Amino acid sequence: MMASVETRRTKWQDTPWRGLSPATVQLFRALSPGLVLIFIFGILSSAPGWAQIEIGRIAGTVTDPSGARISQAQISLVNGLTGRRLETASDAQGQFRLDNIPYGAYLLQISAPGFSGFARDVYVRSNITIQAAARLSVTAAGTKVTVRPDLLQAYSPRTETVIDESYIRLAPTVVRRDQLQALVSTTPGWNTENDGLMHIRGVDDGTLYVVDGVPTPDRVDGLFAGSFNTDAITSMDIITGNIPAEFGDRSGAVVLIQPKSGFRSPLNGTLGLGGGSFDSRDISTTLGGGTDKWGLFFAGSGHQSDRFLDPVDPRNYHNVGGDVSLDLRADWHPSQNDILRLAGTLQGAGFRVPNNQDQQEAGQRQRQEVRHDYESLSWQHTFSPNTLLDLAYFRNFFRSRLDPSVFDTPITAQQDRHQTRQGVIASLSHLTGGHSIKAGLEVAHVSIRESFGFAITDPDAAEEAGISEPAMEFTPDDPFRFAGHASRGTQAVYAQDDFSPFRNLNLSLGVRFDHSDLLVSDHQVSPRIGAVYYLPKTRTAIRGSFNRLYMPPQIENLLIASSEQARELSPFADSGGGADIRPEKLSSWEAGFAQELPKSLRLNAAYWWRRFRNIDDPNVLLGTTIIFPNSVARAEAQGLDVRLDVPIRRGFSAYFTYTNNHIVEIGPLNGGLFLEDDFIEIGPGTRFTPDHDQRNAASFALTYASRYHGLWATFNGRFESGVPMELPDLDDEELHALPGANLVNFDTGRVKPWYVFGWSGGMDLAQTEHFNVGAQLDIQNVANRDFAFNWGNPFSGTHFGYPRLIAGSLKFRFKL
């Protein structure tokens, strides 16, 4: 089952508590090898590069009626929905170019003194440069041309939402660790849980993040590695329906992240300093700039808080932590047809593992450190105006270490694991006869090494917590110990074509073949079919799609979850379960529409249904932050996603989202590490409601931004109806005495519905031509309402939501 796997059982070695040193010192000590690598990247950045999957460019020439070139014509590119605006001017030859354009619908406008204006819709759907020639007519009055922008993306069969930098920069700084996930969850289809964990359309944490065209299928949150630094992001495209064939692996949804670049930018930078509730402290900085040939951009941030994770007790015991993130991007254009890019990221976190009341009183002091290093080198070559090649090498390294303490109860655990994923991706794009064709391949090698052990330290408390009899046999004198390593791979090829067979109908046809042996060898052919038909009279776009998705299991703790030792503890081993963890396979259907309403409002609605085999549904080890992968034999999910967008008008903009969904899973369970008796009830054919079955979720935001002193404010809110819970075997009085019992409904067996409101605002305190100082105030959970993300669930445990959080920050900006 596993290549080169070693196991051993040894006498438990007590690890003395080594008190938590200052967070910043710990993190930089953990990151020191990677810092050297980033420094080397900086030395090499005289020849760095750039390559994108979902980023386009526009180039063109501005002429008068005789064909003479017009210099210094003003060019603007505007996204009518997000407000994203790019500007440039034509050069002495009348030529212009706009780079780093996220996919979407834009309005291109060109003007010059003495000439009539020019305007046209532009659809950026390929990384091949769009050629846009503009011939201006002579007019004495400088006539303006008005074109109504396309707000529906009527050419795209996808269900997607673009979040622009203009909104990202307004994100609250209260909890930097979860900023990215908080932004993503403003789009419909998402259900949230503790510590940034998110679920999309029935898929448990199956999100593929794509940065600079390089996919990251590994889990990204505070428990596994640092999240992406939002200070380094210029836009995000969240795709939840009709996933293109170029995306695979953890592809329940795809988040395309376009990082900032110094290319063609004057020297600029920022420094942010903040602080707030729970003694939180935050520092961030950016520095970038470049020429027509090269660009450099650096972003760094650090955060520390006395409420680092979502606690397991409302009193927030033992919950101090901090994280650091460093990002470097370098661009080089050695010729008109070649672009190179070098990127590197270092992230790390050190934190205390939160305690419940019994653990706090016993003196439990567990500590965990996580680290993430990422490097990529990309090359893009243009063969002709209609053909280009993208090639990239990437490497992702993750490490996590859990240190036990002397007084752990009722279980003590130790872990040291690391994994490396490296590989090559390549694609060839070609435009011909109205077809946008793309074909490519992905090859990755995965190396995993795990060391893990646990022992029962308090048999009475363990029995009360529902620990199974087989698990009770492991004591500090005779602990459970596992060590193993494996090296495996994944491979994929795909082809896709976007075209319009006739007016107002656009098709997206693709097919993908995946093979993986993590740790089971399996494969699948996955068709990806989507269509959109536009009704100009009513300004309605009707969409439909069918996708097959193939998702290998998460590799975090995969060796122990697939081991014979774990299988001996599985309550399903004798009833058809407890087998290897196979790839998750699902069929996904969607039907929906986008409708433009009066006042340029946009309404999107999509009904979806999915059928799963071997659905991934990981479980948490009791009293720890360790999560083990497992799979459930089958699942069925369906739901409705709705989003209403109000584009910017007189400084105001808004959105509202609503999701209704339901998921049922059907046993048995495979893989995992099960120490509790609760799982015995889930046998073969057993239908049960999983921990991420959030029936209703809604969110909204109302934002105002003024050009006067940079004044802005946003009011937002989120509602979730509550997830299922597992009732412990206690009498009614004991149940109601448990921490957080007032936040659950024992009659319905669910966490009580919860909602929170937040407010953020800011303004410029000082501004000159080259320098700016701004202030920001954030208040989250304004009403200070108590709520729980989950409670007593054998898969996800118990975690409580945040109280009122207040933070303030100053940001210094310069631009030369």
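A strand here is a DSSP run of E with at least two residues, and strands are numbered from the N terminus. The model is a predicted one. In it, strand β45 spans residues 805-815 and contains Ile806.

Ile806 belongs to a nonpolar surface patch, together with Phe652, Leu702, Phe715, Phe719, Tyr755, Phe757, Trp759, Leu777 and Val782. The accessible area of the patch comes to about 820 Å² together. Two strands, β38 (712-720) and β41 (754-767), each supply at least two of its residues. The most comes from β41, which gives three residues.

The surface also carries a negative patch, whose members include Asp358, Glu361, Asp460, Glu463, Glu464, Glu469, Asp677 and Asp732. Helices α4 (357-362), α5 (459-464) and α9 (732-737) are the elements that give two or more residues to this patch. Glu469, one of the patch residues, sits in helix α6, residues 469-472. Glu469 counts as exposed because its relative accessibility is 68%, and the cut-off for exposed is over 50%.

Asn619 lies in strand β32, residues 619-620. Is Asn619 buried or exposed? With a relative accessible area of 1%, Asn619 is buried. Its side chain makes a polar contact with the side chain of Asn630 at 2.8 Å. The Asn619 side chain also reaches the backbone oxygen of Leu673, at 3.1 Å.

Methods
Residues are numbered from 1 along each chain as its sequence is written. This is a predicted model: local features need pLDDT of at least 70, side-chain atom pairs count only at pLDDT 80 or more; totals for chains, interfaces and linings use all residues. Side-chain values use heavy atoms; hydrogens and water are left out. Patches are made of residues with over 30% relative accessible area and no salt bridge: like charges are joined within 9 Å, nonpolar side chains (Val, Leu, Ile, Met, Phe, Trp, Tyr) within 5 Å. Accessible areas come from the Shrake-Rupley method with a 1.4 Å probe; for residues, only the protein chains shown count as cover. A salt bridge is a side-chain nitrogen of Lys or Arg within 4 Å of a carboxyl oxygen of Asp or Glu. Lys and Arg count as positive and Asp and Glu as negative; His and the chain ends are not counted. The place of a charge is taken as NZ of Lys, CZ of Arg, CG of Asp or CD of Glu. Helices (H or I, at least four residues) and strands (E, at least two) are DSSP runs, numbered from the N terminus. Buried means under 20% relative accessible area, exposed over 50%, partly exposed in between (1.4 Å probe, protein chains only). A polar contact is a pair of N or O atoms within 3.5 Å; within protein, one must be able to donate a hydrogen and the other to accept it, and residues adjacent in sequence count only if both atoms are side-chain atoms.
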